[in-house]
Amino acid sequence: MNGISRRSFLAVTGAGAAAVTLAGCNVVSTSSVSEPDAYDTALPIPPLAESEVIDGVRTFRITAQPGTTEFRPDVDTPTWGWDGAYGGPTMRAAVGERVAVEVTNGLDEATSAHWHGMHLPPDMDGGPHQMIVPGDTWRAEWLINQAPCTLWYHPHPHGATERHVYRGLAGLFYLDPAPGSDEAAVYGQLPHTYGVDDIPVVISDKRLSDGGELVFDDGGNEVGLLGNVVTVNGVTGAVLRVSTERVRLRLLNASTARTYSLGLPGRTFQLVATDGGLLRGPVELEKIRLSPGERAEVVVAMEPGEQVMLHSFEPDLGNMIVPFAVGANDEFDVLRIEAEGELSSSEEVPGELTAFGQDPEQATVRREFRLSGRQINDARMDMARIDETVEVGTTEIWTVINDDPSPHNFHVHDVQFEVISVGGSEPSPELRGRKDTVYLEPGRAVELLMTFEDYADPQWPYMYHCHLLRHEDEGLMGQFVVVNPGERADPSMIAGHAHH
């Protein structure tokens, strides 16, 4: 079975009927990860982005630029980053603030800056219609008007997103609670000192050549490029040294295709937040599955002097036809956590965190999205076509189905949705928070409840798509506009954009 190539996998998934031949091949992998000899590289903490308040607007400035990164000792790998060689500074703003980001493109090709998970006007979204040519600066401005949470930013150029993110263009965007709010009080009880007990953890896999170059060849793998090296905040073999009894890890899967199942062998942690903010209460888990683009905030309790390993177990990807080829058989260490001999005290995680909830009975529209190959509802992405029109103020239920025998996930711009069912059953506890990206197991329908608020524009579309970035680049994406009552979508402005 080790001799089965990824090209063969493609043929298998295309034929489907070969499933019987491959049944039981669940103990090998064509996408295994090589672990470093030691986990002794201090985990880098991305700097907080500088900003200044100009006429009441908190203004950030970032530049996409090339550089080199040492994924291996003394080997420079060409990479891209925001304001640096790799990754990006963590932006931070409070709910209720008006913010602006001035994004300069210092690369030699066009890119964009998408605010993943942000509720904002469509022309500020940073999607494939807001491209920034080399040397130019694009300004996005909006009001932070959603729950506090952990978001991220990355390029979204149609046809090239995988390559741009893979090279390193990914940074976090913290939304803090409004001062004096109930959630601010809860945040005060959670670990909240950036880089001390509130730790950004950006996980991304890479494939490196013998000479240290980033390899872009996915070998024909259906899901895209699965790396053989896993990085955290841009380094391999990372160790996080902590000085407090509890540490909050803000986990982001910034990989382009790999899904992780993160946990701490032999112990549990408390999940306190997912993509769109705090859960109603903490959930004790042994591990959590994160597909590309998903985030989770977990609180880990530490004893003085102990060491634990953040580990990625074999992820449950559902009923895979060839699990060995899509990462389902892979497990490996990710990050070592070491506690100092004496630890500062930390507060207990509150039993109640926040309240939220949309009412499915208020949904007036149902839509269905079937993902197959590189098409949604039998259509490949067309930059000049508006696929769905939504009326502002409405609540809808979107049923999303993965018709393939291999992984997909689903990301919706602008909104945070609630998962109301998976395969006709209640979602598991870790899926009961607010989400903008959700994993899709083959053949199982996922129902998403969402409300479209505040921003109506018949011309500028938002996106919905698979966040396995090869799939997105190759057309597994659609566009929707939000309009005022009685208004129609107007594709005239995007009609001249390139078709894909």
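This report walks through a helix, some aromatic rings, a pocket, a cavity and a few individual residues in a predicted model.

Let's start with helix 4, which runs over residues 182-189 and has E183, V186 and Y187 as its buried residues. Those three sit on the same side of helix 4, because the arc they cover around the axis is only 100 degrees.

## Aromatic rings

If you like aromatic pairs, there are 20 of them here. Take F369 and W398: their ring centres are 4.5 Å apart, and with 40 degrees between the planes the pair counts as tilted. F369 belongs to strand 22 (residues 363-372) and W398 to strand 25 (residues 395-402), so this pair ties together parts that are 29 residues apart in sequence.

Both F369 and W398 are buried.

## The largest pocket

On to the open space. The largest pocket holds about 450 Å³, and 22 residues line it. Nearest the centre of this pocket are P36, D37, F71, P73 and T236.

Which strands supply at least two residues each to the lining of the largest pocket? They are strand 3 (57-72), strand 12 (229-232) and strand 21 (332-344). Strand 3 gives the largest share, with three residues. Sorted by class, the lining of the largest pocket comes out as 11 nonpolar, five polar and six charged residues.

## An enclosed cavity

There is also one cavity of 30 Å³ or more in the structure. The volume of the largest cavity is about 30 Å³. Its lining is made up of V223, A257, R258, T259, L317, V326, P407 and Y439. By class, that lining of the largest cavity splits into six nonpolar residues, one polar and one charged.

## Two positive phi angles

Most residues other than glycine have a negative phi, which makes the next two worth a look. D74 is not a glycine, yet its phi is positive, at about 65 degrees. You'll find D74 in the loop between strand 3 and strand 4 (75-82). N233 also has a positive phi, near 50 degrees, and is likewise a residue other than glycine. N233 lies in the loop between strand 12 and strand 13 (238-244).

N233 is buried, because its relative accessible area is 12%, under the 20% limit.

## Q307 and its contacts

Last stop: Q307, in strand 20 (residues 307-312). Leaving aside residues up to four places away in sequence, Q307 touches R336, I337 and E338. Along the chain, Q307 and R336 are 29 residues apart, while their C-alpha atoms are separated by 7.1 Å.

Terms used. Residues are numbered from 1 along each chain as its sequence is written. This is a predicted model: local features need pLDDT of at least 70, side-chain atom pairs count only at pLDDT 80 or more; totals for chains, interfaces and linings use all residues. Side-chain values use heavy atoms; hydrogens and water are left out. Buried means under 20% relative accessible area, exposed over 50%, partly exposed in between (1.4 Å probe, protein chains only). Helices (H or I, at least four residues) and strands (E, at least two) are DSSP runs, numbered from the N terminus. The arc is that of the directions from the helix axis to the C-beta atoms. On a 1 Å grid over the protein atoms alone, a cavity is a set of points where a 1.4 Å probe fits but cannot get out, and a pocket is an open set with protein on both sides within 12 Å along at least five of seven lines; lining residues have an atom within 4 Å of a point. Grid points are joined across faces, edges and corners, and a volume is the space filled by probe spheres set on the points. Ala, Val, Leu, Ile, Met, Phe, Trp, Tyr, Cys and Pro count as nonpolar, Asp, Glu, Lys and Arg as charged, and the others, Gly among them, as polar. Rings of Phe, Tyr and Trp (its six-membered ring) pair if their centres lie within 6.5 Å; planes under 30 degrees apart count as stacked, over 60 as edge-to-face and the rest as tilted. Contact means heavy atoms within 4.5 Å.
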